Amino acid sequence: MLEMLNLSKCYQGHFAVQDVSLRLKERQVISFIGPNGAGKSTVLNMLSRLIPRQR
């Protein structure tokens, strides 16, 4: 299982992502759908540890 709780990321005082939580079971397929600038890539980058999460 993959789990992330209350992820947030702030750029120059503005939240790109705020308090996002996700729980994925093994072999589960998901998709992120949303408008441009909604934070989809930011969440995936934090999940893969390419960018640090806000503490």
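Read from the N terminus, the elements of the chain follow the order β-β-α, with one helix and two strands in total, where helices (H or I, at least four residues) and strands (E, at least two) are DSSP runs numbered from the N terminus. This is a predicted model, in which local features need pLDDT of at least 70 and side-chain atom pairs count only at pLDDT 80 or more, while totals for chains, interfaces and linings use all residues. Residues are numbered from 1 along each chain as its sequence is written, and side-chain values use heavy atoms, with hydrogens and water left out.

The C-alpha atoms fill a box of roughly 35 × 25 × 20 Å along the principal axes, and of the 55 residues 18% count as buried, a term that means under 20% relative accessible area, with exposed meaning over 50% and partly exposed in between (1.4 Å probe, protein chains only).

The structure holds one salt bridge, defined as a side-chain nitrogen of Lys or Arg within 4 Å of a carboxyl oxygen of Asp or Glu, and the partners are Glu3 and Arg23, at 2.6 Å from N to O. Because Glu3 lies in strand β1 (residues 2-11) and Arg23 in strand β2 (residues 14-24), the pair ties together parts that are 20 residues apart in sequence. Glu3 is partly exposed, at 40% relative accessible area, whereas Arg23, at 54% relative accessibility, counts as exposed.

Helix α1 (residues 40-47) contains Leu44, which is partly exposed at 42% relative accessibility.
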